[in-house]
Amino acid sequence: MHNYFYGWYFKFQSRTQTLAVIPAIHRSGQNGACSIQVITEDQAWNVEYPASAFHRMGNDIWIGENRFGERGVSLAVHTPKLDMSGELRFGALLPLKYDIMGPFSVLPFLECRHSVYSMRHVVDGSMLVDGRKFLFQNAFGYWEGDQGRSFPREYAWTQCCFPGGSLMLAVADVPFTGIHFRGIIGVVIWKGREYRLATYLGARVVQARHGRIRVVQGNLELEARLLEEVRSPLKAPSDGNMTRTIRENAACRAFYRFRKGKYTFFSFKTDRASFEYEY
């Protein structure tokens, strides 16, 4: 049986609180399992379940009693590692105009494929996490996913919802037929319009070091800069096994700038950014 993983990333964010939940299923050889990872601004948990606890119907996912999908998230995790319960309801999702992978979505040998289900939606409800209450009222939500065998060897990923828009940018080492190249996928939603930056549209990386990513595509330029170290450890797939440890900040300080030629759409610092930087 081939090795694989499927993972979904749900983020919920108010002005004062951030919570991210990652349900996943993974298999290596005859060994399969699923998991729920939880990240706050300053903590992270990983709870494992047997593979038989996983069920999926369309975009709705169940791991035991825990449900994830288009209408929202309902959690009932009661283990020695983590006690967590509550329900969060989603407003209308904001999907992309077409698959974020573009023509790469049909390539059969990619080690990891990305999906974006909603760039931004309203979240309402509450969640109790080890005695701490997370309350979301007219808050922001974001939903994406990954599938394949392994996370890229080197990559950077960031996401941020902000007044007037939302963005996601990923730059990764991509092995393909014996060579490696830097792949780019990124989307900016700004004032109701979708701007896409991607390798298949001619985007190229002009800088990716010291926590700074700068991508150019024609006269568009998107810059993301991490302004603090990444902290929270997460489990990530390596050939189907969740044996790799990466680090993510669910809410951290970062700088973003998006320009077209000499015109700047936006330029701001925030303490609400999500960032992974694996270089």
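Strands here are DSSP runs of E with at least two residues, helices are runs of H or I with at least four residues, and both are numbered from the N terminus. The structure is a predicted model, in which local features need pLDDT of at least 70 and side-chain atom pairs count only at pLDDT 80 or more, while totals for chains, interfaces and linings use all residues. Residues are numbered from 1 along each chain as its sequence is written, and side-chain values use heavy atoms, with hydrogens and water left out.

The largest cavity has a volume of about 620 Å³. Of its 40 lining residues, Cys112, His114, Asp146, Phe151 and Pro152 are the closest to the centre. A cavity is defined on a 1 Å grid over the protein atoms alone as a set of points where a 1.4 Å probe fits but cannot get out, and lining residues have an atom within 4 Å of a point. Grid points are joined across faces, edges and corners, and a volume is the space filled by probe spheres set on the points. The lining of the largest cavity comprises 26 nonpolar, six polar and eight charged residues. In this classification Ala, Val, Leu, Ile, Met, Phe, Trp, Tyr, Cys and Pro are nonpolar, Asp, Glu, Lys and Arg are charged, and the others, Gly among them, are polar.

In total, two cavities of 30 Å³ or more are present. The second largest cavity holds about 50 Å³ and is lined by Tyr6, Gly7, Trp8, Arg56, Ser115, Tyr117, Gly145, Asp146 and Gln147. Strands β1 (4–13), β10 (112–129) and β11 each give two or more residues to this lining, which divides into three nonpolar, four polar and two charged residues.

The largest pocket has a volume of about 350 Å³. Among its 15 lining residues, those closest to the centre are Gln13, Ser14, Arg15, Phe140 and Pro163. A pocket is an open set of points with protein on both sides within 12 Å along at least five of seven lines. Strands β11 (132–148), β12 (155–162) and β21 (263–278) each supply two or more residues to the lining of the largest pocket, and the largest share, five residues, belongs to β11. By class, this lining has eight nonpolar, five polar and two charged residues.

The secondary structure of the protein consists of zero helices and 21 strands. The C-alpha trace spans about 55 × 45 × 35 Å along its principal axes.

Two residues stand out in their backbone geometry. Most residues other than glycine have a negative phi. Lysine 191, in the loop between β14 (179–190) and β15 (193–198), has a positive phi near 50 degrees. Lysine 191 is exposed (over 50%), with a relative accessible area of 66%. Aspartate 239 also has a positive phi, near 55 degrees, and lies in the loop between β19 (232–238) and β20 (241–260).

Methods: Buried means under 20% relative accessible area, exposed over 50%, partly exposed in between (1.4 Å probe, protein chains only).
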